[in-house]
Amino acid sequence: MIRGWLSEVDLGARIGIVVLVLFAVLTLVGPALSPYGETQVIGGAWDAPSAANWLGTDRIGRDMATRILFGARMTAMLALAAALGAFLIGCTLGIAAAVAGGWIDLVATRIVDAVMAFPSLILALIVLSVLGTSIPVLVAVMAVLASTVVFRLARAVAADINAMEYVEIARLRGEGMGWFLFREILPNAAPTLIAEFGLRFVNAAIFISSLSFLGLGIQPPFADLGGMVRDNAMAITFGRIAPLLPAIALAILAIAVNLVVDAVLKRNANLDLR
């Protein structure tokens, strides 16, 4: 099935898949293979790349390549956890609201609209300044904020499917709620939701990096991509590229995911046309 899907997608999607696989391997296995620790000081501030330090060192002499491996893993894991949480909340409430309708749909929609009325970054800064910046709090805040977008998409898709003739036929047959959810709505909504999951993952990775850049994300000495940009921002003044390296890693991840998401959406559109 996977081989058949790969044969249908374009070159950009294949490149995206290869990059994502390499990214996953490097972030999972790379830190264990690195000769240095995440917080180990091995040289001077912003040393130039060398045979011992392929990407040079950061502002206090830690190996940049090692820090990027650890930081990319931290960013990806938090983004994945936040995206999963957002879909657990958003899909559950969105599909339930679409199927139930009535006052349940109205109340859920108005609550989501109220949350979305606030800028996400500002709301996250307020909550994190009160509750702290521990990893569980970070993941919970990102998941709740992202779940509003997932809710609206899941509700819209589920409402469209719920109005289809085959669903009406199933309802006339006396099928229960479990049938509607697992045999009718979820299988037909899956391609759209899978594509949205990729976008939420990228959004969460950028969001956690933004929080870390502002000082309310992952705290030193632990690394994440946004925090590394902030820690090494002054290197630009001295003509060093240290802050650009984690930013490039984040950009590569975002581009690769978007290439795959585009392929999923195109394939779904072609199936609809058939």
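Reader: Before we look at how helices pack in this predicted model, what is meant by the axes of two helices and the angle between them?

Author: In this predicted model, an axis is a line fitted to C-alpha atoms, taken for helices over the stretch in contact, and the angle between N-to-C directions runs from 0 to 180 degrees. With the axes drawn in that way, H2 and H3 pack with their axes 8 Å apart, at an angle of about 120°.

Reader: Is H2 parallel or oblique to H3, and which residues of H3 make the contact?

Author: The angle at which H2 and H3 pack is about 120°, and that makes H2 oblique to H3. The crossing in which H2 passes H3 is left-handed. From H2 the contact is made by Phe23, Leu26, Thr27, Leu28, Gly30 and Pro31, and from H3 by Leu69, Phe70, Ala72, Arg73 and Ala76.

Reader: At which residue does H2 bend, and by how much?

Author: The 23 residues of H2 should span 33 Å at 1.5 Å a residue, which agrees with the 31 Å between its end C-alpha atoms. Phe23, Thr27, Gly30 and Pro31 are among the buried residues of H2. A proline, Pro31, follows within four residues of the bend, which is found at Thr27 and comes to about 35°.

Reader: What span should H6 have, and where does H6 bend?

Author: H6 has 28 residues, which at 1.5 Å a residue should span 40 Å, and this agrees with end C-alpha atoms that are 38 Å apart. Along H6 there is a bend of about 30°, and the residue at which it is found is Ser147.

Reader: At what angle do H4 and H6 pack, and which residues of H6 make the contact?

Author: Helix H4 (residues 102–116) and helix H6 (residues 135–162) have axes 10 Å apart and pack at an angle of about 140°. The two helices are therefore oblique to each other, and their crossing is left-handed. On the H4 side the contact is made by Asp105, Ala108, Thr109, Val112, Asp113, Val115 and Met116, and on the H6 side by Leu145, Thr148, Val149, Phe151, Arg152 and Arg155.

Reader: Is Arg200 buried or exposed, and what does Arg200 touch?

Author: Arg200 lies in helix H8. Since buried means under 20% relative accessible area, Arg200 at 14% is buried. Leaving aside neighbours within four places in sequence, the residues in contact with Arg200 are Ala83, Phe87, Ala146, Val149 and Val150.

Reader: Where is Pro243, and how many Å is Pro243 from Pro49 in space?

Author: Pro243 has its place in the loop between H9 and helix H10 (244–273), and with a relative accessible area of 5% Pro243 is buried. Not counting residues up to four places away in sequence, Pro243 touches Val229, Asn232, Ala233, Ala235 and Ile236. Pro243 and Pro49 are 194 residues apart in sequence, and their C-alpha to C-alpha separation in space is 14 Å.

Definitions and conventions
Residues are numbered from 1 along each chain as its sequence is written. This is a predicted model: local features need pLDDT of at least 70, side-chain atom pairs count only at pLDDT 80 or more; totals for chains, interfaces and linings use all residues. Side-chain values use heavy atoms; hydrogens and water are left out. Buried means under 20% relative accessible area, exposed over 50%, partly exposed in between (1.4 Å probe, protein chains only). Contact means heavy atoms within 4.5 Å. The expected span of a helix is 1.5 Å times one less than its number of residues. The bend at a residue is the angle between axes fitted to the seven residues ending there and the seven starting there. Angles under 35 degrees count as roughly parallel, over 145 as roughly antiparallel, 65 to 115 as roughly perpendicular and the rest as oblique. A crossing is left-handed if the near helix is turned anticlockwise from the far one by less than a right angle, and right-handed if clockwise.
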